[in-house]
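Good morning, and thank you for coming.

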Amino acid sequence: MLLIHCPYCDETLPEAEFTYAGEAHIVRPDPSVSDETWRDFLYIRSNPKGPHAERWRHAHGCARYFNAIRDTVSDRVLVTYKAGEPRPAIAGEHGQ
Ligand SMILES: [Zn+2]
């Protein structure tokens with residue numbers, strides 16, 4: 001079971017309190033871009049082995065969205081941060 005820290009409530013709670021909401025930091029393209037760019041925006045997601053930026057929602061608490069860096073190898077949440085904040089650097093992470 002994952003334990004996730006809500007940066008708004010400042011509590012660490014079981015995963016069942018939260019819902020996964022997809023990859024974080026996906027930038028919506030300008031409406032005038034090509035169909036291929038829209039396809040990529042809608043359907044193409046990264047699938048890294050290691051730290052991955054994700055959106056989560058504290059569905060059974062404050063109901064707010066926030067971001068988390070989860071290591072896909074260990075399945076541990078390394079850090080959480082409020083929506084709109086920049087992605088924090090993770091020690092030992094390369095190529096991000
Ligand atoms: Zn919360």
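Predicted model: local features only at pLDDT ≥ 70, side-chain atom pairs only at ≥ 80, totals over all residues.

Glu 54 and Arg 70 are both buried, where buried means under 20% relative accessible area, exposed over 50%, and partly exposed in between, with a 1.4 Å probe and protein chains only. Residues are numbered from 1 along each chain as its sequence is written, and side-chain values use heavy atoms, with hydrogens and water left out.

Glu 54 and Arg 70 form a salt bridge, with their closest N and O atoms 2.7 Å apart; the term requires a side-chain nitrogen of Lys or Arg within 4 Å of a carboxyl oxygen of Asp or Glu. Because Glu 54 lies in strand β4 (residues 51-57) and Arg 70 in strand β5 (residues 65-71), the pair ties together parts that are 16 residues apart in sequence. Strands here are DSSP runs of E, at least two residues long, and helices are runs of H or I, at least four, numbered from the N terminus.

Arg 70 also forms a salt bridge with Asp 75, at 2.9 Å between the closest N and O atoms. Asp 75 is partly exposed, at 39% relative accessible area.

Finally, the strands. β1 (residues 3-6) and β2 (residues 11-14) pair antiparallel over four bridges; pairing requires at least two DSSP bridges. Cys 6 stands opposite Glu 11 in β2.
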